[in-house]
Amino acid sequence: MQTKQYPFYLQATVILFGLILFVYVLSILADILIPLAFAAFIAILLNRLVNRLQKIGVPRVLSIVISMLIAIVFIGGIFYFLSAQLASFGSTVPAMKSKFSQVVTDVQKFIFQHFGVDTQRQGKFIKDTVNNSKALVGQTINTVLGTLSLIFLIPVYVFLMLLYKTLIINFLFEVFSEENSARVAEILQETKAAIQSYIVGLLTETLIVAILNSAALLILGVPYAILLGVIGALLNMLPYIGGLIAIALPILMATVTKDGYTTQLLVIAAYLFIQFIDNNILVPKIVSSKVQINALISIIIVLLGGALWGISGMFLSIPFIAVLKIVFDRIDDLKPWGKLLGDNVPTRNIGQIWLRRRQRVSTPAQ
């Protein structure tokens with residue numbers, strides 16, 4: 001029995017409508033899907049440790065609890081280090097206020113002398129800007145509160161996913177026929193490896209950026225260089241916003257502790273150079289190469305993830321597209337899409353090869 005072939009424009013319309021519907025559902029259910037995505041992400045990372053604990057005779061539930069406690073202690077240790085450094089950093093706040101007042105006064109005099117804008121108009125402009133930013137502050141607070149709620153919700157999801165891992169895997173196998181069991185197993189294995197390698201690449205990149213930031217600030221003589229370098233590397237994981245804050249912090253510290261503006265300019269130059277190395281060497285070679293996604297697709301998918309789910313979408317976009325590539329590479333009709341996402345650049349134009357092949361076939365026939 002022959003299947004009916006629909007026109008291309010009809011097929012394209014159906015596919016486009018399906019994509020729009022899919023993106024709409026992702027946007028509407030963001031509050032539910034984001035914590036589930038992070039939980040699945042973390043569960044895959046902890047799965048290896050859970051399996052090792054079970055092999056030495058530790059019960060499953062206890063293995064999950066121990067693995068989660070190790071992860072919490074590791075993350076808590078990082079936050080403890082940062083909080084301890086921030087406590088000593090807080091002693092410079094009075095000096096910062098005094099220095100900022102002097103800097104603001106100098107800037108107001110400069111603007112009045114060169115642009116003729118008096119201090120009253122400048123003060124009114126600053127006041128209006130602060131009033132207009134109240135809505136943005138409210139949105140930021142809501143985002144922080146939402147993040148805090150996720151911190152308590154995600155561990156519950158992680159525990160349940162690890163507890164019902166066998167049930168979930170069996171479901172995935174039973175959805176497809178037994179003939180595809182080998183292919184399903186291969187996809188699951190490569191998905192786990194891709195996510196784990198992405199985390200390793202991201203942590204490696206963060207460590208290198210932290211070392212570069214700290215070394216640059218130590219050379220320039222900026223106080224709390226290691227603290228500011230580590231914070232800058234962590235903030236660098238948040239695209240765009242994190243980079244700006246990472247540069248602002250050492251500039252503020254240099255403004256408080258140094259006379260003149262030479263150190264601030266050198267800090268900006270050093271951080272711009274580090275960002276150039278990070279964007280053009282570290283991310284493409286360390287992070288993206290771990291999941292075998294080319295740089296163009298990486299940039300596009302991060303921007304799309306940010307437009308859909310904000311900062312969470314930026315972080316989750318690369319692992320998501322890596323999973324899609326693994327699936328595409330296992331389905332014959334979708335293999336061209338898998339090649340498009342990959343980082344293997346062909347050396348020959350397949351269109352020219354096909355054209356020459358058709359010409360060779362048609363020439364003897366004529």
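Q: Is helix 9 mostly covered or mostly open?
A: Mostly covered, with eight of its eleven residues buried.

Q: Where do these coordinates come from?
A: This is a predicted model, where local features need pLDDT of at least 70, side-chain atom pairs count only at pLDDT 80 or more, and totals for chains, interfaces and linings use all residues. Residues are numbered from 1 along each chain as its sequence is written, and side-chain values use heavy atoms, with hydrogens and water left out.

Q: OK, what's the mean pLDDT of the protein?
A: The mean is 77, and 76% of the residues reach 70 or more. pLDDT is the predictor's confidence in each residue, from 0 to 100.

Q: Which elements have the lowest and the highest mean pLDDT?
A: Helix 5 (residues 119-132) is lowest at 56, and helix 2 is highest at 87. Over residues 133-141 the pLDDT is below 50, and that stretch has zero contacts in the model beyond near neighbours in sequence. Contact here means heavy atoms within 4.5 Å. Where pLDDT is low, the predicted coordinates should not be read in detail.

Q: Let's look at helix 2 then. Where does it bend?
A: At Leu-46, by about 40 degrees. The bend is the angle between axes fitted to the seven residues ending at a position and the seven starting there. Helix 2 has 26 residues and reaches 37 Å from first C-alpha to last, close to the 38 Å expected at 1.5 Å a residue. That expected span is 1.5 Å times one less than the number of residues.

Q: And what follows helix 2?
A: Gly-57, which has a positive phi near 100 degrees.

Q: Switching to packing: how many residues are in the largest nonpolar core?
A: It has 30, and those with the most contacts inside it are Val-158, Leu-162 and Phe-315. The largest share, ten residues, comes from helix 12. A nonpolar core is a set of buried Ala, Val, Leu, Ile, Met, Phe, Trp, Tyr and Cys residues joined through side-chain atoms within 4.5 Å.

Q: What does Leu-162 touch?
A: Not counting residues up to four places away in sequence, Leu-162 touches Ala-43, Leu-46, Asn-47, Val-50, Arg-60 and Ile-64. Of these, Ala-43, Leu-46, Asn-47 and Val-50 are among the buried residues of helix 2.

Q: Last one, how far apart are Leu-26 and Leu-308?
A: They are 282 residues apart in sequence and 7.9 Å apart in space, C-alpha to C-alpha. Leu-26 is in helix 1 (residues 8-28), and Leu-26 is buried because its relative accessible area is 16%. Beyond residues up to four places away, Leu-26 touches Leu-33, Leu-308 and Trp-309.

Conventions:
Buried means under 20% relative accessible area, exposed over 50%, partly exposed in between (1.4 Å probe, protein chains only). Helices (H or I, at least four residues) and strands (E, at least two) are DSSP runs, numbered from the N terminus.
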